[in-house]
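Reader: Could you take me through this structure, please? I am new to it.
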Amino acid sequence: MLHIRCKNNNVTKSFPEGSSLLDVYQEFADDLKMTYPVVSAKVNNTSQGLKFRLFQNRDVEFLDASEGSGHRVYVRSLCFLLYKATQDLFPSSKLFIEHSLCRGFYCNFKRRTGELLTDDDVERLRQRMQEIVDLDMPFRRTEATTEEAIRVFSERGFQDKVKLLETSGQIYSDYYTLGDTVDYYYGPLVPSAGYLQVWGLERYADGLLLRVPDWNRPDRLAEKVDQPKTFGMFAEKTRWDIIMRLSNAGDVNKAIMRGYASELIQVSEALQEKKIVQIAEEIARRKEEIQTSNLKPQTSNLKSPFSTLLVLITGPSSSGKTTFCKRLSVQLLACGLRPVSFSTDDYFVNRVDTPKLPNGDYDFDNIEAVDYRLMEEHLTRLMQGERVEVPEYNFTTGKREYNGKKLKLAGDTVLIIEGIHALNPLLTKSISDDVKYKIYISALTSISLDDHNWIPPRDNRLLRRIIRDYNKGAFTARETISQWKNVCEAEDQWIFPFQETADVMFNSALNIEFAVLRTHAEIILSSVPKNCPEYSEAHRLLKFIHFFLPVSDKEIPPTSIMREFVGGSSFKYER
């Protein structure tokens, strides 16, 4: 008999060898009283599907779709459900699950005939998905040699999966079937389609929007938030992927194997620099418009003898804001402008006045952690031509200090404000939108593993943060992972609601990034102990970065945004 400890209630019970997690859950279910249906579990802090069988003593934690790992299992299964419906109704069609969008997932759908989807087509897909759910069709996992899995997918023409598995270096690989439809997923699925009770499907642009449960309330759909600017940025990224012939991890790996890693780095960096130049030129154009406008007092929104522009830059954690600001400043100088910048961090309230999280930790991401009223006053005075002494925050003492740093804007000045709250209107509500230029930066896209397995951009940023924190000696990987949930919740509350107000979006991710990050992240993630909750996330991150062939960072330029995280930047960072 096995001894299985349920971490949900810290009770241990005995089970026969070979018992499934479903068997174990049924024995514990009455005592657990889970708020939402269980969809997966962690076994010794590693995510597993409920059909997983136990042959040794284990710790088990059952998960619903409100927990990160459980939510991913649910969404993965939904993607297979949609793919199954497309193959049943439109044989030989192609489905590409591309990006997180509108709190769902945008899917590009290509019919064999080349015709666009109609409303009737979408309704038929919805009905077929519901039929499969009503039938409670089981998801079946098959473990095979990687050579056998490659043969299975090659026979079906799935070259995206063939390239991924050919370059994965794995001896064995899993694949899944739903009815007679075969697919590959790099993580577990729910046991059967009947588990998938909360979902939606609708047209979006020329494709589909797969709607998924809310993270906090998985018994209802996540509220849809339209994101046309974000979608436009995705379309731009897709065009460049087609030009570079890089659609997935297999394409990247094949290019690396052929010796093109240096070229991929160079082209990716050139594309980012081109975008930064375009932004700098647009800022220069906008500033010239303001100067022309200010020659006519009746059209001026500011009582100022100076004509300037306020550039506001924001983005979530580890998006590369600091390096982007420095590179943008260089290009603004090349346009004949003088950039003056400071951070919202300098306007932190004294630490004793900082709001706190429910667990008692300081909530530095809260807008109330910033003295935004003082900052707005200073910005307004600067924009009106006054000389202002601005503060500097002492992170050691936790106090805001005035050290004689005085600013006065000249006619060729562009004022740059960078910080997570920069687009929050509370900071600049008394300043006309006509003299603001808003920039949102993030690792907005990630290269997909294959047509149906995307990598969430948050994972990209988490890897960056883990590496940077470790290299600086600030936090271990375990500590960074433990803080990440609070970071994400703060982003949802204080950053993402203002994302679509930006004038321009900048994607700081590189197609070859995971190959470079792998060389840094492997040893750091491997240091997370198996007996701690953070091991689950470390194990998951290690699992997907192993799909990428490692590439040295030696050819990453010293001005690259990636240098902010892996080290070796030619820019100086104050904090």
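Reader: Which residues line the largest cavity?
Author: The model is predicted, with local features needing pLDDT of at least 70 and side-chain atom pairs pLDDT 80 or more, while totals for chains, interfaces and linings use all residues. Residues are numbered from 1 along each chain as its sequence is written, and side-chain values use heavy atoms, leaving out hydrogens and water. Lining the largest cavity are Lys 237, Thr 445, Ser 446, Ile 447, Asn 460, Ala 509, Leu 510 and Asn 511. A cavity is a set of points on a 1 Å grid over the protein atoms alone where a 1.4 Å probe fits but cannot get out, and lining residues have an atom within 4 Å of a point.

Reader: How does the lining divide by class?
Author: It has three nonpolar, four polar and one charged residues. Ala, Val, Leu, Ile, Met, Phe, Trp, Tyr, Cys and Pro count as nonpolar, Asp, Glu, Lys and Arg as charged, and the others, Gly among them, as polar.

Reader: Turning to helices, at what angle do H11 and H13 pack?
Author: Helix H11 (residues 457-472) and helix H13 (residues 513-525) pack at about 50°, their axes 10 Å apart. Helices are DSSP runs (H or I, at least four residues) numbered from the N terminus; axes are lines fitted to C-alpha atoms over the stretch in contact, and angles run from 0 to 180 degrees between N-to-C directions.

Reader: Which residues of H11 meet H13?
Author: Asn 460, Leu 463, Arg 464, Ile 466, Ile 467 and Tyr 470 in H11 do so, contact meaning heavy atoms within 4.5 Å. By class, this contact has nine nonpolar, two polar and two charged residues.

Methods. On a 1 Å grid over the protein atoms alone, a cavity is a set of points where a 1.4 Å probe fits but cannot get out, and a pocket is an open set with protein on both sides within 12 Å along at least five of seven lines; lining residues have an atom within 4 Å of a point. Helices (H or I, at least four residues) and strands (E, at least two) are DSSP runs, numbered from the N terminus.
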